[in-house]
Structure formats: structure tokens, C-alpha cells
Amino acid sequence: MVLEGSSEALCPPPSLELRSPCNKSQAPPPLGSITHPHQGLYPGDKEPVKYGELIVLGYNGSLANGDKGRRRSRLALYKRPKANGVKPDVIHNISTPLVSKALSNKSQHSISYTLSRSHSVIVEYTHDSSMDMFQIGRSTENMIDFVVTDTSGSSGQGGGGGEGGQSAQSTISRYACRILCERSPPYNTRIYAAGFDSSKNIFLGERAAKWRTSDGLMDGLTTNGVLVMHPAGEFVGEPAPGVWREISVCGNVYALRETRSAQQRGKLVENESNALQDGSLIDLCGATLLWRTPGGLRRTPTLKQLESLRQELNAARPQCPVGFNTLAFPALAQRQTVDKKQPWVYVNCGHVHGYHNWGFRRERGAAGGGSLATMGERECPMCRRVGPYVPLWLGCEGGLYLDEAPPTHAFCPCGHVCSEKTVRGWSQVPLPHGTHAFHAACPFCGTWLTGEQGYIKLIFQGPLD
């Protein structure tokens, strides 16, 4: 596939036309943040065209400090009033010292590949009226539509997930990736590594993984990579995890590198594409995003439906089997402070109780051969199983659900409650962590799952009357 050692690769033509000539004087519309539905309307349109929604795992419906502007836990992509997509146009082979001069035209999108100190390849991009482009990254500059910061896993003691703040040393790129959506049915959506900066350029330096493809074009990978996993089956039907792949700057699909930032790319996977589908996961090395299509979202509970499920749970008047006090799930907006009526669960057995501060008797005793449980673990008074004892929180992000069934199960050890199908599906998904590790995690808070299954069926006791 790659002809890096061929004469064509070593002595490429000075320029190569990739598309038919077009009017270069007509600059494409500027990139901007279009997140409100009515901003995507054409005059006379009744409803905006929604391409889909991106949901950041680990936040359970909103950032800890609230969703503000382009920094939020969830973003809907709507059809723009005017297309701002771009496509490859012309390749230039120039001397590296002349790159800055060649990129002086700020109305022209381009990608620069530095092959050596003396040789660079610049690919000019031209306006594509059939596409809308959305950019994702850590930068707060205007060309980024969705500002994403590193997600830190929750301790399992709160209803929210990551802090929504930026870590001291973020591993997410300032211009992580770009998504292009077809403006005409069926509105196919594709993802590409790297985004254009304020000068409308993408730079792949001398140390970045890059190569010339078999057809004479250029391609490359970003430092920490953009990974994508498509579901093996229908996400809301028979969910099964797929295989994590890496997406290149030009949208090609590759097997993973040995480590996240290795310079040697993986093998090209020719029978897979960069087209997103309902349930596709996008990992930016610090945050993982879920792509939901409009069709998929119609089969998930809305916030209003989740509130109805909460009220139905409380209407059943579950009781603590020891204290006999009635338990109640707190309001969906209450995600940080534990309520005095809030149900708690022993995650190793599923028995639901009210809060109590006993159960450490053998752990505290110095005699008798040592402790029975580790710090933070207790003995269930119903079955005597020892394990973590945590408050239960209802999963508030409906887009993470795989169906609209009642919440009957909880993730271990964090205690986020949702449907059985949802816990089963997510417990099978290995999410990237660090440079080469993968762990299943609660999608609502990011806590790594524990136990044999990673979830537990909740055992409630109804009212005695």
C-alpha cells in the first residue's frame, strides 16, 4: 500500500491537482459554533435538520459547573445555514523553510506535512458546498465548535462525573478532530483526525507519523491519536462492542499503534470506514465521546421520561429492610449531596438499605484474627456479604441508555442506576485508558467497573403494609 521507498515517493511532482479547478477567490464561510437548533434553519424550513449528538462519557447529563456555551457535556450538530465543509484540492511539494510563506493565505485551508528539514508537502483544501464541518478540541478559540477537556473518573460518591475543568497537563489536542456531515440525505457523518487552527492550517511536524500513500497522496496521525470503535451490532438492539481503530488525518482506518503516541502506524484496515453510526465511540486520549443518531435517540428516554421513572420508583415506597424507613431517589438535579432518604446498596449482593453508620464491627476489632473487610467496605445485614456500601444515583443522561426499560440494575462500585440492558451493554465495552490500557467503566461517571459482571441487580423491599 505504502510506497515510501519508491522513486515516486522520493521525487514527487511539484504540485498535483486533486480536484477540478474552482474559484479560489470565493472563500468558504468561516468556522463557527452552531449549536442552537434554529441557527441551522433555512428560510421556510419547519424543523432543523439534526445530524446527531455527541455525548461526553462521565458527566451524567451536565458538567459539574454547568454547561456553558461550547463547553458542555453534550452537543447536538445541526445543519448550518451555509456549508463550511472543505475537501482536498492541490498538493504542493516545497522547501520546508518556505512553508510559512506558502501558508500565509489565511482564507485557504491546508494541511502541512513536514517530511524533513528541507522538504515539506502542503495539501490545499477548497470549499465543499455539500458538507458541513464541525471541529472538536481543547482549544477555546472560535473555530472549535465543541470544547472538550479531560474527564477524570468519579469516586462513585457523587451523581456527577468529571469535574469539567481542565487538568494541569491535558492529553487532549487543542484541535483534536473534525466531523464532516453530508448536507443531503442520508446525512452521512465522517470523522477525521486533527482540526484546523485559527490560520486554517493543520501542521504535522517532522516527528509526527506521516507517509505517502500508494496513490501519491499524503496521510498522517496526530500525536496521541483519535480512536474510534463502531458497535458490532445495532447499538439499541443487540449491543456488542466492536474493535478500537485509529483514524488518520485523511479519514482512513488503521489498527492501533503499539502505544498511543508511537511513531509507527498500525496496519490499514481496508474494509472499515470512518463513517459514524449510532453508538460509535470516539476517544481523544483524555475524553471519550458517544455519537448518537436522531433515530437512535428516539429509542432512549428523555429527561421527562427519566423523571417519570424516578417518580415510579419512589411511588413503590421501597423500605430499608432494617430501619423500615421509606426510601426515595433524589431529584435528578441533585447530583452532589446525598439526601437523608436516599437508598444505599451493598454492591456485592444488591440489597438496598437506608443509610446507616454501622457494619464495621469485625473490621474495627483488634482481636479475632484481623479485619473482615477493607476500608470502606461493610457487611450486609441481610446476607452477610462484605463489600462497598454506596448511595444509589439515577443515571440522568438519557443518551447513554440502550432502551427505555425501568431502572433495575446498578453499576459497581459507583451505584449509578439504569436499565438491565444498559448495564449489560456498557459492562462489555473496553474504554481506552492511558497509552495502551483498556477498562470497562460506568458511562455516567467514568468509574472503572469491579466485580464479576461490573453491575448488580437491585433488591428492594416493598412496604410492609
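1. A charge is said to sit over a ring if NZ of Lys or CZ of Arg is within 6 Å of the ring centre and within 35 degrees of the ring normal. In this predicted model, the charged end of Arg265 sits over the ring of Trp211, at 4.4 Å from its centre.

2. The model is predicted, with local features needing pLDDT of at least 70 and side-chain atom pairs counting only at pLDDT 80 or more, while totals for chains, interfaces and linings use all residues. Residues are numbered from 1 along each chain as its sequence is written, and side-chain values use heavy atoms, with hydrogens and water left out.

3. A search of the whole structure finds twelve aromatic pairs (rings of Phe, Tyr and Trp, the last by its six-membered ring, with centres within 6.5 Å; stacked if the planes are under 30 degrees apart, edge-to-face if over 60, tilted for the rest). Among them, Tyr125 and Phe196 are edge-to-face, at 5.8 Å centre to centre and 70° between the planes. Because Tyr125 lies in strand 6 (residues 120-128) and Phe196 in the loop between strand 10 (189-193) and strand 11 (201-204), the pair ties together parts 71 residues apart in sequence (strands are DSSP runs of E, at least two residues, and helices runs of H or I, at least four, numbered from the N terminus).

4. Tyr125 is buried at 6% relative accessibility (buried means under 20% relative accessible area, with a 1.4 Å probe and protein chains only), and Phe196 is buried at 0%.

5. The rings of Phe235 and Trp426 also form an edge-to-face pair, since their centres are 6.2 Å apart and their planes at 85°. Phe235 counts as buried at 9% relative accessibility, as does Trp426 at 2%.

6. Ring pairs also link Trp344, Tyr346, Tyr355 and Tyr389 into a cluster.

Notes. Buried means under 20% relative accessible area, exposed over 50%, partly exposed in between (1.4 Å probe, protein chains only).
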